[in-house]
Amino acid sequence: MTPTRAATPRPRGRLMAVLAAVLCVLFLPAPQASAASVEEVTGFGTNPGALKMFRYVPDGLPAGRPVVVALHGCTQNAAGYGTGSGWTELADRWGFSVVLPHQQTANNASSCFNWFQTGDIQRGQGEAASIAQMVDRQLSDVSGDASRVYVTGLSAGGGMTAVMMATYPEKFTAGGVVAGLPYGCAQAAGSPYVCMYVGATQTAQQWGDRVRAARPGYTGPWPTLTVFQGTADYTVKPVNMTDLMKQWTNVQGADQTADLSDTVAGYPHQVFRDPAGKAVVETYSITGMGHGQPVDPGSGAQQCGTAGAYILDVDMCAAYWLGHGWGLG
């Protein structure tokens, strides 16, 4: 029996085999770029407040982009707050970097920023100076836009947000205080707890004078302010939002009568304008919300954040509305 000879492939068969191989290569899943992550930065200055610096920089972020400083609340940490609040998500979506200061338990047993300690709330001293040094380092490292730097925070981080706006107003275009406190509130009330639970008895002028004394001789511009506050917050009473409004309208030369009252995402919202018509203070009163950061988890255009301890799903993401108001996206 004659052995069977292997069939010689026809030219058409060869061509089809080559085409199939090429198509396989063309339609392989593209390699995914490694996602950015929160990273620690060391050596950012003299760091008199002994804080830690973390940051989030989206992959491929170009020069000249804004910077947001986001300050966590008590018992929280930098990375958890950056993610839970939605700020890192928005950084990827809109293209900006995030500085995430981190409190150490050696400074405060509950990991609260020391918004009530005189040595930490003055220009050139303590935690305020450390955060200012972080801003300078970040702007240098990412070639950020120094005219578009913003600061925000929750609770004690909200109190420290007001500190940064008062002590380093030239560094910040705007600030967002979430369940926080006016600058100098602990000193005005005689105790941080009186400030938190009762409030301090100050006129708008007295509140404004505290800010002006933090940066003697400064002629402006001052950062604009947005405040989010739960009406059922028993840790930082809603009177503190009213006092923040009084403080910063006075600093901006505006009166304490809202120029616009409406609702956003179903919640009462007010806007206060200066004599030139510029919106300088905004307030969001989150009906029925306790103490925490408002978020709205999901993939919708106005959604962001992940619910957790003191990060509350109330169908409104404060980070989105802050960033939108600041022109970040």
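Visitor: What makes R93 and E89 about one helical turn apart?

Guide: In this predicted model, R93 and E89 sit four residues apart in helix α3 (residues 87–94), which means about one helical turn separates them.

Visitor: And why is the contact of R93 and E89 called a salt bridge?

Guide: The distance from N to O between their side chains is 3.0 Å. The cut-off is within 4 Å for a side-chain nitrogen of Lys or Arg and a carboxyl oxygen of Asp or Glu, so R93 and E89 qualify as a salt bridge.

Visitor: What makes E170 and R123 a link between parts of the chain?

Guide: Their side chains meet in a salt bridge of 3.1 Å, N to O. E170 belongs to the loop between α5 (156–167) and β6 (174–178), and R123 to the loop between β4 (97–102) and α4 (126–142), so the pair ties together parts 47 residues apart in sequence.

Visitor: Now the cysteines. Why is the pair C74 and C112 called a disulfide?

Guide: The sulfur atoms of C74 and C112 are 2.0 Å apart, and the limit is within 2.5 Å, so the pair counts as a disulfide.

Visitor: Is that disulfide of C74 and C112 right-handed or left-handed, and what makes it so?

Guide: The torsion about the S-S bond is about 125 degrees, so the disulfide of C74 and C112 is right-handed. The link of C304 and C317, with -90 degrees about the S-S bond, is left-handed.

Visitor: How do you know whether C74 and C112 are buried or partly exposed?

Guide: With buried meaning under 20%, C112 at 11% is buried, whereas C74 at 23% is partly exposed.

Visitor: What makes C185 and C195 a disulfide?

Guide: Their S to S distance is 1.9 Å, which falls within 2.5 Å. C185 lies in helix α6 (residues 185–189) and C195 in helix α7 (residues 192–197); both cysteines are buried.

Terms used. Residues are numbered from 1 along each chain as its sequence is written. This is a predicted model: local features need pLDDT of at least 70, side-chain atom pairs count only at pLDDT 80 or more; totals for chains, interfaces and linings use all residues. Side-chain values use heavy atoms; hydrogens and water are left out. Helices (H or I, at least four residues) and strands (E, at least two) are DSSP runs, numbered from the N terminus. Buried means under 20% relative accessible area, exposed over 50%, partly exposed in between (1.4 Å probe, protein chains only).
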